[in-house]
Amino acid sequence: MSPRRNSVPPAASWPLVALFTAGYLAAYLLPTVVGRLGAGLGLGPTQAGAVGSALLLCSASAGFVLASRVEAFGPRRLARAGLLLAAAGYGCAALSSAVPLVVAGAAAGGFGSGTATTVAAAGIAGRRDPHRTSTFGLLGVSALAGALYLTIPHLGDGHGLPFAALALTALLVWPATGRLAEPGATAGTAAAPGTPLPHRRSGLALAGAMLCWSLAQNALWGVSSRIGTGQAGLGEATVGAVFAAALGAALLGVIGAGALGARLGRALPIGAGTALIACCIAVSASADDLPSFATGEIAWNTVYPVVLSYLIGLAASLDPRGRWAVLCGSASSLGTACGPLAGSLLSAWAGYPAMGALLGAGLLVLAAPLTAVALHTGGRPLVPGAVRRRGGAPAAVLAAKTGAPTGPLPQIGTPEQPVVEIAVRRPRRPLSQRPFAPAAPERTPQRKTPTAAR
C-alpha cells in the first residue's frame with residue numbers, strides 16, 4: 001500500500017469525518033461557551049456550567065435514543081435531521097438574549113450535535129479501519145476548534161459568537177450527507193436487526209469507565225478558562241491563544257496516534273496515556289502563571305486525543321454494526337455533560353488545585369479497568385492486514401467463533417502463517433498383519449553345471 005493511501009482516508013469516509021467534526025465541536029468549544037455565557041448573560045459560574053452541561057446532556061441522550069435506530073431511519077436522513085436541528089438550535093441561542101431561549105436553543109442544538117455524532121460513530125465502526133477514520137475526525141475537530149479559539153476573541157464580545165460558529169459548521173457539513181447511505185441500504189458489515197450485543201461485559205465496563213474518564217477530563221476543561229483568567233491572571237486573548245496552541249498540539253498527538261497505529265496494541269496507549277493525563281490535569285489546575293498554565297494545557301491536550309482515538313477504536317471493535325461505539329460514545333458524552341457542573345462545584349468547594357488532585361487520582365484508578373478491557377477484548381485489527389493473531393489462520397478462526405483472544409500480544413507487520421500439511425510416512429507393518437494376497441510361486445534354485453571346455 002502506498003504512503004498516500006495510508007495517510008488519506010477513502011472517499012467514502014469523508015462524510016463521516018465531517019459529521020464527526022460537526023458533532024464533537026460543541027464539546028471542544030465548551031470553555032468559551034461557558035465563559036461567554038457567564039460574561040454576556042450575567043450568569044454565575046455554576047449556572048453557566050449548568051447550561052453547558054444541559055447542552056452536552058442532550059447530545060448524550062441522542063446517542064442513547066438512536067443507538068440501534070440508525071439503520072432503520074437511514075444514515076442520510078438522520079444526519080440531515082440532526083444538522084438542521086443543530087443549526088436551528090444554536091442559531092436561536094446566538095440571536096437571543098433571553099436566558100430561557102438561550103438554554104432551549106442550546107439544548108436543541110446539543111441534541112442535533114448528538115444525532116450527527118451517532119451517525120458518524122455507527123458509520124466509523126462499519127469501516128474496515130475505524131481507528132484511522134476516527135483519527136481523521138479528531139484531526140478535523142481539533143483543527144477547526146483551534147482556528148475558532150484564535151478567531152472568536154477578535155470578533156467581539158457576547159455569548160452569540162460560539163453558538164453562531166456551531167450553527168454555521170452544521171450548515172457547512174450538510175452537503176456531505178449526500179454521500180451517506182439511503183434508508184434500507186445494506187452495509188457490508190451489517191448484521192441482522194435482531195442480533196444481540198456481543199461482548200456485553202466488556203462493553204458495559206468500557207462504557208462506565210469512559211463516562212467517568214470523560215467527566216474527569218471535562219470537569220477541568222469546563223473551568224480552564226476561569227483558571228487562566230482568575231487564578232493565573234491572564235487575559236481572554238492570551239487564554240484563547242493558549243487553547244489554540246493546545247489544540248495545535250492535539251493535532252500532532254492525533255497524527256502521532258495514526259502513525260503509531262497498532263504497534264503497541266491498545267492497552268499500553270490507553271493505560272499509560274490515562275496516567276499521564278492525570279499528571280497534566282494536576283499541573284494545569286494548580287497553575288498560577290502563564291508558563292505553568294500553558295505547559296499543563298498543551299501537554300494535556302496532546303495526550304488526550306491520542307487516548308480518545310484508541311478508546312473509540314476499542315469500542316468500534318466490539319460490534320461491527322457500531323452499537324457499542326454509539327453507546328460508549330454516548331456514555332462519554334454523558335460524562336462530558338456532567339463535567340462542567342462537576343468542575344464548577346468541585347472548584348467552588350475545594351479550589352482549583354484540590355480539584356485537579358482529586359480528578360488526577362480518579363483517572364489513575366480508571367486506568368486499571370480501561371487497560372483490562374483492552375487486554376481482554378480481541379477485537380478487530382487497527383490496520384487491516386497488519387495485525388495478526390498468534391497461531392496464524394486456525395487461531396484467528398477459533399477466536400472469531402469464541403470471541404476470546406488467542407495470544408497475549410498482537411504480532412505487527414508479519415505475514416500470516418499458512419497452514420502447512422506435513423506428510424507423515426507410515427511405518428511398514430509386518431507380513432503377518434498385511435492383508436492376504438496370493439503368494440507368488442516359489443522358484444527352486446538351479447545348480448549350475450560346469451560347461452564343457454570348448
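In which hand of crossing does H8 pass H12? The crossing is left-handed. The model described here is predicted.

**Helices H8 and H12**
- Helix H8 spans residues 130-151 and helix H12 spans residues 236-260; their axes come within 8 Å and cross at roughly 165°.
- Angles over 145 degrees count as roughly antiparallel, and H8 and H12 are therefore roughly antiparallel to each other.
- On the H8 side, the contact is made by residues including His131, Thr135, Leu138, Leu139, Ser142 and Tyr149.
- On the H12 side, the contributors include Gly240, Phe243, Leu247, Ala250, Val254 and Ile255.
- The residues of this contact divide into 15 nonpolar and six polar, with no charged ones.

**Ala250**
- Ala250 lies in helix H12.
- Ala250 counts as buried because its relative accessibility is 2%, and buried means under 20%.
- Leaving aside neighbours within four places in sequence, Ala250 is in contact with Ser142, Asn301, Thr302 and Pro305.
- Val303 is 53 residues from Ala250 in sequence, yet the two are 7.2 Å apart in space, C-alpha to C-alpha.

**Cysteines**
- The structure holds zero disulfides.
- Cys279 is in no disulfide, and the nearest cysteine sulfur, that of Cys280, is 6.8 Å away; a disulfide needs the two sulfur atoms within 2.5 Å.
- Cys279 has a relative accessible area of 46%, so Cys279 is partly exposed.
- Cys92 also counts as partly exposed, with a relative accessibility of 34%.

Methods. Residues numbered from 1 in each chain as written. Predicted model: local features only at pLDDT ≥ 70, side-chain atom pairs only at ≥ 80, totals over all residues. Heavy atoms only, no water. Buried < 20%, exposed > 50% of the residue type's maximum accessible area, 1.4 Å probe, protein only. Axes fitted to C-alpha atoms, helices over the stretch in contact; angles between N-to-C directions. Helix = DSSP H or I, 4+ residues; strand = E, 2+ residues; numbered from the N terminus. Parallel < 35°, antiparallel > 145°, perpendicular 65-115°, else oblique. Left-handed = near helix turned anticlockwise from the far one by under 90°. Contact = heavy atoms within 4.5 Å. Nonpolar A, V, L, I, M, F, W, Y, C, P; charged D, E, K, R; others polar.
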